[in-house]
Amino acid sequence: MKTLLKNAREQKGLKTREVAQLLAIDQALISKFESGTRKPTRDQVVKLASLLEIDLETIMVAWLKEKIIYEIGQDEFALKALLVAEQEIRYQSKPIKKKLSVTLQKILDEIDTLKIQLDGFRQFDSYRIAQALELEYTFESNRIEGNTMTLRETDLVINEGLTISGKSMREHLEVINHQEAIAYIKDLMQKNTAIKEREVLSIHNLILRGIQPEDAGRYRKVQVMIQGSNYVPPQPFLVTKAMEDFFIWYETNKSTLHPIILAAEMHERMVTIHPFIDGNGRTSRLIMNLVLLQHGYIIANIKGDYENRMRYYQTLETAQTKNNKEDFLLFIAQIEKESLERYLTIIGQ
């Protein structure tokens, strides 16, 4: 494993000092990991894999191999013990796929069918259509958070560069910033960039740029309350750890969950952590849609009207306070299904 770590670091052009700073791990430890005189913890392995872009399975197998050798490698009964352990591990590690409800599975199957149709229409993709749908997404996402600009006013600000009389500077910046954040996640999708802390902070920085520059792209350092909700986010000093767990969860599950479930989970988990002083909703929805775009789906546009907004908030609160995500997963799946149906109708005309 030491060679794996060192080669990956050098390929990234990073020094041990830089790796230590980025991961908040002592530089001496990084050097010991690469020399083989010290073994990283599981969490440290996952962080290193993410930063250095090492395949998680490859590095975990190497880490576990060395752990086993260190623990029992010199014991005379080691091989016999491993044979017995292999049989038991095989039995215990049979894939246990989390059972989805009949309703949720039905919607996912319908989405998969629509996705096949979408793939057949890719040659008809239009920049003008995409631009119009992204404009709607900016309008609706901002409307959820209280922005009072109409769709037409949003269009004038983005495409004509006009200032709308009676609207605040903040509302203008929310429109401009969100549209630039969409362009950013599309660029990440096209480059197949992995979702890591740097990308999340960059998205948030775009959302709050010029609005709250001191908080843009930074985790909150004060306690916050979610207005109208019974859920209380983690204390500030726990936010960093919660976000570390968030990225570990993503790396562990990104290849096994249905993309719709993965995207919805990323949204719910981030907004539940509430890592930022402001802009959590917009950022978490952008992360959700980045996941969808990376898997070939289209943006799931949650409407900002009263009925949809209330259902959105209520399903989120149920997930947060009752540890029951079914309603939220169903809500996001239904939104993506409706978005796909509408898109197919437009490009099929």
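Predicted model: local features only at pLDDT ≥ 70, side-chain atom pairs only at ≥ 80, totals over all residues.
View 1. Leu 79 is found in helix 6, and because its relative accessible area is 66%, over the 50% cut-off, Leu 79 counts as exposed.

**View 2. The largest nonpolar core and a second, separate one**. The largest nonpolar core has 64 residues, and those with the most contacts inside it are Met 243, Met 266, Leu 286 and Ile 302. Helix 16, which spans residues 326-347, gives the most to this core, with 11 residues. In soluble globular proteins, nonpolar side chains tend to be buried together.

**View 3. The surroundings of Leu 286**. When neighbours within four places in sequence are left aside, Leu 286 is in contact with Tyr 137, His 178, Ala 181, Ile 182, Ile 185, Ile 203 and Ile 207.

**View 4. Val 239, a buried residue in helix 12**. Val 239 is found in helix 12, which covers residues 236-253, and it counts as buried because its relative accessibility is 0%, under the 20% cut-off. Apart from neighbours within four places in sequence, Val 239 is in contact with Tyr 219, Arg 220, Pro 234, Ile 273 and Pro 275. Lys 221 lies 18 residues away from Val 239 along the chain, and the C-alpha atoms of these two residues are separated by 8.6 Å.

Notes: Residues numbered from 1 in each chain as written. Heavy atoms only, no water. Helix = DSSP H or I, 4+ residues; strand = E, 2+ residues; numbered from the N terminus. Buried < 20%, exposed > 50% of the residue type's maximum accessible area, 1.4 Å probe, protein only. Contact = heavy atoms within 4.5 Å. Core = buried A, V, L, I, M, F, W, Y, C linked by side-chain atoms within 4.5 Å.
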